[in-house]
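Hello,

Here is the structure I promised to pass on. My notes on its pockets and cavities follow below it.

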Amino acid sequence: MPFDLADARRRDAENPLRQLRDRFLRADSELIYLDGNSLGMLPVATAERLAQVVRNEWGGELVRGWQHWADLPTGVGDRLGAALLGAAAGQVVVCDTTSANLHKTAAAALAYQSTRDPGRHVVVTDDRNFPTDRFVLAAVAAQGGGELRVVEADPVAGVTSLALQTALAPGDVAVVSICLVDYRSAALQDLAAVTRQVQDAGALMLWDLAHAVGAVPIALDVAGVDLAVGCTYKHVNAGPGAPAFLYVRHDLADRLISPVPGWWGADDLFDMDADYRPAVGAARFQAGSPNVLGLYAVDEGVRLHAEAGIDTVRAVSIGLLDYLVALAEDLLAPLGFSLASPQESARRGGHVVLRHPDAYRIGVAAVERGVVGDVRPPDLLRLAPVALTTSYEDVFTGLTRIRDLVVAGEHTTVPARRSRIT
């Protein structure tokens, strides 16, 4: 069957999630948005709920709102855990940022492991991990008197079992932290297998789920995962700067001590004169006052995903991604593009990466053509057709526009990328 507009529309007619696209705000009907893995689109229900909260709760209830706002971090965490993380109640808290949560959980895990066995002082991550993860984990290792061991990851496949085994072999590893979905290549790790490999070596497994949550099914409890963190502004559609989340397995939580013992993580929030006593379970990893508006936005994003069902989301996502890969092979490969993501559908997360020597210039020119993806230096163009918000017609139109601008040489007039430091 040919790749044309009629074929794309036929595929859209068979999409079980097609009705949900109308429940997101679209200020520009001509815009092709393929960057939901960086910032998800705004659900109409979120805009309406935030307006109601601002006027009626903040405006009307004032400080009395804390009578129910105080339960949001754990309540929204439980709903997020049930809908998207495969986590039973009491193990997920929505709070702070991914960086802060990574620091808290990694530091707590390192301290716990080092106390049990002083020989376990190594934190393991990979050289292609997201910058904030590498920065945070290096700091945690240094501050905890430990050592950071960096695994060399494959540019497409990510961290391999063999590379991880080599890092674990000395028997001195306290905690391993990698991403479930690689932010560049979209390589999807085997959650259960990697967790088991790490735990069998005596280490704790700390997953970064930032590019996975809301895009792929996750079963933290079934896999026996120790710890996890992630953000909500990508596939969960909670908005820029939305609060992140952390997961601590129920039988591990009370053995860990947060390195940031804020009052929101205390056993009795309003016993102002008591010495610090950590709350029970994952709630002890809260620190300061929660972001109330952000929590409501997370809640709405979770509700949409719960309605769609993560298995359906994943099935639709695979269809869109496979279509994009096939279309790119047909339209863009002759122009010097190549696939920089795993070829197999089951090994990819929620986006696809194309490699081209002029990826930066093409990405900028594409925005001028009304196609928003993003680039990762030096030569990667990331495209994310999100199941809840993207149609096959969007993918067809977007890649056609990219082909046309490259054929016309429009990207050649874009200045080369320069660092912020010149």
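Gly214, Ala215, His235, His305, Val313, Ser317, Gly350, Pro385, Val386, Ala387 and Leu388 line the second largest cavity. Keep in mind that this is a predicted model. About 60 Å³ of space lies in that cavity. Its lining has six nonpolar and five polar residues, and no charged ones.

The structure holds two cavities of 30 Å³ or more. The largest cavity has about 90 Å³ of space. Its lining counts 15 residues, with Asp126, Val159, Cys179, Asp182 and Gln189 nearest the centre. By class, nine of the lining residues are nonpolar, three polar and three charged.

Now the pockets. A lining of 27 residues surrounds the pocket; Leu25, Arg26, Leu31, Tyr33 and Met41 lie nearest its centre. β1 (32–33), α2 (44–61) and α14 (392–408) each give at least two residues to this lining. The largest share, four residues, is from α14. Twelve lining residues are nonpolar, eight polar and seven charged.

The second largest pocket has about 310 Å³ of space. Of its 21 lining residues, Thr98, Phe130, Thr132, Cys231 and Tyr233 are the closest to the centre. α5 (98–116) and α6 (131–143) each contribute at least two residues to the lining. The classes here are nine nonpolar, seven polar and five charged.

Best wishes

Key. Residues numbered from 1 in each chain as written. Predicted model: local features only at pLDDT ≥ 70, side-chain atom pairs only at ≥ 80, totals over all residues. Heavy atoms only, no water. 1 Å grid on protein atoms, 1.4 Å probe; cavity = no way out; pocket = protein on both sides within 12 Å on 5 of 7 lines; lining within 4 Å. Nonpolar A, V, L, I, M, F, W, Y, C, P; charged D, E, K, R; others polar. Points joined across faces, edges and corners; volume = space filled by probe spheres on them.
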